[in-house]
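Me: Could you walk me through this model, one residue and its surroundings at a time?

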Amino acid sequence: MAPVQVKKICCIGAGYVGGPTCAVIALKCPHIQVTIVDLNKARVDAWNSPDFAVPIYEPGLVDVVKQCRGRNLFFSTDVDKAILEADLIFVSVNTPTKKSGVGAGFAADLNYVESATRRIAAVATSSKIVVEKSTVPCRTAESMRTILEANSRPGTRFDILSNPEFLAEGTAIADLFKPDRVLIGSLQTTEGKEACRALADVYANWVPQERILTVGLWSSELSKLAANAMLAQRISSINALSAICEATGANIDEVSHAVGFDSRIGPKFLRASVGFGGSCFQKDILNLVYLSESLHLPQVAAYWRQVVEMNEYQKSRFSKTVVDTLFNTITGKHIAVLGFAFKADTGDTRESAAISLIRDFLSERAFVTIYDPQVSEEQIWQDLSEACPTTPLETIKKQVTIVHSALEACTQKEAIIIATEWKEFLEIDWQTVYANMNRFQGEGHWAWRARVKTVLRHSLSSDIDLNFNI
Ligand code: NAD
């Protein structure tokens, strides 16, 4: 069998993963033509917009697209043409958690993966390497292979690889330029190893050999779920400890610092917060829970489920802290929420902790003012409508105001919450913010100061200097 040389790549799915990943491949491999396709025309149009108003906010992304769009990087809605021409196809479609049906709330919805795979099978007239880029349950490659082989034309073969993506939103371009590792899983057959080598050769254009790990297909699929589960578990562990700190008077920042100093543990992912968000952590753990249950491993399922439950508990515990601190009721009170994205340096709001908090505040009839430097008003209204399905948007709009600066958000509020660690929040003139906040009638200076700080301290504010006089 002649060694495969990848010349044309198609990526199905122009989202947070497919877009940046394949744009970086195009940048680093000018000899390869990369076409990223999506059924969502508005998204493709944004990728192609003359002023580079790409659909995803990600530091450094526009620069990459500017360098290669039209050279060897193309965005298109013509999925079939890109499949036909490519010798390697990434499947980078969404794999959300099922919201209804069998296994609802736990199983991954593989509808998009199946559709993309069926399209490849229907269209391809020559052999292809098909790469799972999406995060999928263990052994999904087997179903993909069955679909592809049942539909393949004589003389065409499909080799399936797993190449899960480990980028983090907000640092995607830096992560892709210098990945901790690139993981490629393949069947341990001659053809599987050959396909694996072809993909490894693509990455070898910029990733050092020792960082390209090649493993079996199922190990690769499972490693992605495992990595996200371990990261989320650290957050839930430190958040669980924060509850003990609050009850005992210990300081969670000091505890985290001391624990993280242990070289076996390390300091990363060890900051207490209002809980993790994002489209991946919860979904991937629930995926692991579902897998464990299907394999009749109830204790293992319970262990991982607890990580998600702890996260839910942390969010509601924080909402309760806000209510408690504002004299056990927030009805008619004014709360500023700084940040709406699930983390800094992204406009992505999927599963953002801010949404849960605001939903709680609205249910207690508080007035909420939101500021986020990247999330559009349209997105905020859409997310709040989905979070409060029984409340008409017009009613939500009577309680929520969206503003365009942090200072504006904080003016005349009884509480301020930092829900996203945007760097600009560290640079706010807090003296001015405090001066413009509301004090309750008769509330003494020290009581007011303690109250404001309690709420701030319990949100993501441990980097903010709260020690100047107010
Ligand atoms: P996304 O929703 O941003 O993008 C997926 C895109 O696929 C959408 O634009 C959708 O229109 C398109 N699509 C769906 N079916 C299609 C089809 N049949 N043909 C053409 N286009 C189709 O999702 P994402 O955040 O990019 O995530 C993609 C996968 O990568 C998921 O499995 C996710 O778990 C995984 N992942 C995500 C991240 C992250 O930080 N977002 C990180 C690592 C892995």
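Predicted model: local features only at pLDDT ≥ 70, side-chain atom pairs only at ≥ 80, totals over all residues.

Me: Is C388 buried, exposed or partly exposed?

Reply: A residue needs 20 or more C-beta neighbours within 10 Å to be buried, and 12 or fewer to be exposed. C388 has 18 inside 10 Å, so this residue counts as partly exposed.

Me: How far apart in space are C388 and T331?

Reply: In sequence, 57 residues separate C388 and T331. From C-alpha to C-alpha, their distance in space is 17 Å.

Me: Nice, now the ligand. Which helix gives the most residues to the shell around the ligand?

Reply: The ligand is surrounded by 27 residues, and the closest are G13, G15, Y16, V17 and S134. By type, the shell divides into twelve nonpolar, eleven polar and four charged residues. With three residues, the helix that gives the most is α5 (residues 111-123).

Me: And what is the radius of gyration of the whole protein?

Reply: The protein has 19 helices and twelve strands. The globule rule gives 23 Å for 470 residues, and the value for this protein is close to that, so the protein is as compact as a globular protein of that length. Its radius of gyration is 24 Å.

Me: What percentage of the residues count as buried?

Reply: The C-alpha trace spans about 85 × 50 × 45 Å along its principal axes. Of the 470 residues, the share that counts as buried is 43%.

Key: Residues numbered from 1 in each chain as written. Near = placed C-beta within 6 Å. Helix = DSSP H or I, 4+ residues; strand = E, 2+ residues; numbered from the N terminus. Nonpolar A, V, L, I, M, F, W, Y, C, P; charged D, E, K, R; others polar. Rg over C-alpha atoms; globule rule 2.2 N^0.38 Å.
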